[in-house]
Amino acid sequence: MPELPEVQTIVNDLNAADLVGHTILRAGVYWPRTIANQSPQAFCRQLEGQTINAIGRRAKLILFELTDGWLLAVHLRMTGRFELGAAAQSPQKHMHVQMELDDGRALQYFDTRKFGRFTLVADPRSMLESFGPEPLSAAFTAKVLARQLMGRHRQIKPLLLDQSVIAGLGNIYVDEALWAARIHPERSANHLESDEIKALHKAIRQVLKEGLRHNGTTLGHGQSNFYSLNQSRGRNEHHLKVFRRTGQPCPECGRPIVRIIVGQRSTHVCRHCQR
Ligand SMILES: [Zn+2]
């Protein structure tokens, strides 16, 4: 599933593709459940004629800011991805939404597993207020992280995956951050020392920035991988220290990385470095 660096890479690519300022002339929906909050007919009717004023991100959502404060939020979930090209006369395989622009191009949404969702709303405040702090914002300090973890008895890994605690983290970057901070993923959040929280804060920002610098993590070649706009791949998989490196040596101590299950999620850890 795309996490903060992957979603931000897509947003950067959409912005570089010069979509801002263009108007959506026609919309088509070919898998009705892709539209989360209304019928496909209502969605198309409300979207047609809207201009894309900005493209941004909150947590793992891609946000298209439209005319008069309307917002189209896209959650890619497992296999959602965008393509930009000439409008298709009939839907291609796995293409569930098409938005035709005023310059002849079309933004098309593909999703093999069909878990991705589009939400179009006139007032986005209630949808966006449930998320925790953005970890790459200047406002996210070690103090803010400490406050988010305070009094929480849960294990640190599932807590960091909770989007209301911190926005944008998923399985890859949580495993990487906990390794970098030398914290075992099963530790109880309220037992972390203040030095460990400082290290975790630094590690979270570091692994996300590294992921972003390499345009995200694309693992393997299957359909279920992350692809940015028009199927471009990330390069961060070559920079991961523990994630999906079971049996390979820990870059710090040389002992093998092990795979365990924490909160029902596959988790990669060095038992020597992470206590
Ligand atoms: Zn180690």
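This is a predicted model: local features need pLDDT of at least 70, side-chain atom pairs count only at pLDDT 80 or more; totals for chains, interfaces and linings use all residues.
Figure 1. According to the domain assignment, domain 1 spans residues 4-128, and domain 2 spans residues 142-269. Contact between them involves 19 residues of domain 1 and 19 residues of domain 2. On the side of domain 1 that touches domain 2, helix H1 (4-16) and strand E5 (80-86) each contribute at least two residues. The most is given by H1, with 8 residues. Classified by residue type, this side of domain 1 comprises 9 nonpolar, 4 polar and 6 charged residues.

**Figure 2. The open sheet of four strands, E1-E6-E7-E5.** The 4 strands of this open sheet follow the order E1-E6-E7-E5 and pair in the antiparallel sense. Strand E1 (24-29) and E5 form the edges, each pairing on one side only. Direction ignored, neighbouring strands of the sheet are turned by 15° against each other on average. E5 and strand E7 (residues 105-111) run antiparallel and are joined by 7 bridges. Within this pairing, Ala-86 has Arg-105 of E7 as its bridge partner. Helix H2 (residues 40-47) packs on the sheet, where H2 touches E1 and strand E6 (95-101). The direction of H2 makes about 170° with that of E1.

**Figure 3. Crossing of helices H6 and H7.** The axes of helix H6 (residues 171-180) and helix H7 (residues 194-213) come within 8 Å and cross at roughly 130°. Because of this angle, H6 is oblique to H7. The crossing of the two helices is right-handed. From H6, the contact is made by Tyr-173, Glu-176, Ala-177 and Ala-180. H7 supplies Leu-200, Ala-203, Ile-204, Gln-206, Val-207, Leu-208 and Gly-211 to this contact. The residues of the contact of H6 with H7 divide by class into 8 nonpolar, 2 polar and 1 charged.

**Figure 4. The hairpin of strands E9 and E10.** Strand E9 (residues 258-262) pairs with strand E10 (residues 265-269) in the antiparallel sense, over 5 bridges. One of the bridge pairs links Ile-261 to Ser-266 of E10. The hairpin has 2 residues between the strands. In this hairpin, Gly-263 takes a positive phi near 55°.

Conventions:
Residues are numbered from 1 along each chain as its sequence is written. Domain bounds come from an automatic or database domain assignment. Two residues are in contact if their C-beta atoms, placed from the backbone, lie within 7 Å. Ala, Val, Leu, Ile, Met, Phe, Trp, Tyr, Cys and Pro count as nonpolar, Asp, Glu, Lys and Arg as charged, and the others, Gly among them, as polar. Two strands pair if DSSP finds at least two bridges between them. Axes are lines fitted to C-alpha atoms, for helices over the stretch in contact, and angles run from 0 to 180 degrees between N-to-C directions. Angles under 35 degrees count as roughly parallel, over 145 as roughly antiparallel, 65 to 115 as roughly perpendicular and the rest as oblique. A crossing is left-handed if the near helix is turned anticlockwise from the far one by less than a right angle, and right-handed if clockwise.
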